[in-house]
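User: Please take me through the terms applied to this model, and show how each value meets its definition.

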Amino acid sequence: MPTFQSNKFRGTGDADKIGAKYRVLISKKPFLTFGLPFLAIMIAGSFVLTPATAIRYEKHDRKIRQMSKTEELNVRRSPRKVDMKEEYYRLAGKDIDNWEQKRVKRLPGETDGIL
């Protein structure tokens with residue numbers, strides 16, 4: 001008999017505990033005692049969480065939904081009539097009334113685009 005045993009010593013008091021019995025069952029039938037319950041829990045969890053995930057995505061979609069241009073402008077409680085060109089130039093910072101047309105100087109030998 002070797003000096004050190006390869007098996008861990010387990011007293012008789014530990015033999016009656018649930019953990020010890022489960023450990024013995026796992027070594028005999030691993031799929032039935034661990035694999036099958038694990039798969040069942042995963043499948044049941046997916047069935048339980050699928051509606052919850054769908055509700056979460058629906059709430060997110062309600063918050064972030066695309067609006068048309070007229071809906072965007074009418075979001076306020078007292079919407080005003082908006083001219084899109086006027087709004088564009090106002091946001092661009094251009095003064096429509098005081099503009100001056102300027103001709104861009106061409107480089108020597110460059111055509112002006114007229115045929």
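Analyst: The answers below set values against definitions. This is a predicted model, in which local features need pLDDT of at least 70 and side-chain atom pairs count only at pLDDT 80 or more, while totals for chains, interfaces and linings use all residues. Residues are numbered from 1 along each chain as its sequence is written, and side-chain values use heavy atoms, with hydrogens and water left out.

User: What is the mean pLDDT of the protein chain?

Analyst: The mean is 79, and 81% of the residues reach 70 or more; pLDDT is the predictor's confidence in each residue, from 0 to 100. Where pLDDT is low, the predicted coordinates should not be read in detail.

User: How many helices and strands does the protein chain have?

Analyst: There are 4 helices and 0 strands. Both are DSSP runs numbered from the N terminus: helices are H or I with at least four residues, strands E with at least two.

User: Why is the pair of Phe34 and Phe38 called stacked?

Analyst: Rings of Phe, Tyr and Trp (its six-membered ring) pair if their centres lie within 6.5 Å; planes under 30 degrees apart count as stacked, over 60 as edge-to-face and the rest as tilted. By this rule the count comes to 1 aromatic pair. Phe34 and Phe38 lie 6.1 Å apart, centre to centre, with 10 degrees between the planes, so the pair is stacked. The two residues are 4 apart in helix α2 (residues 30–63), and are therefore separated by about one helical turn.

User: What makes Leu39 partly exposed?

Analyst: Buried means under 20% relative accessible area and exposed over 50%, with partly exposed in between (1.4 Å probe, protein chains only). Leu39, in helix α2, has a relative accessible area of 42%, and therefore counts as partly exposed. Phe38 has 42% relative accessibility, so Phe38 is partly exposed. Of the 115 residues of the protein chain, 3% count as buried.

User: How do you know which residues lie in the transmembrane region?

Analyst: The position comes from the record: UniProt (unreviewed entry) places the feature "transmembrane region" at residues 31–55. UniProt positions are given in the numbering used here, feature names are shortened, and annotations may be inferred rather than shown by experiment. In the model, residues 31–55 are 100% helix and 0% strand, with the end C-alpha atoms 35 Å apart.
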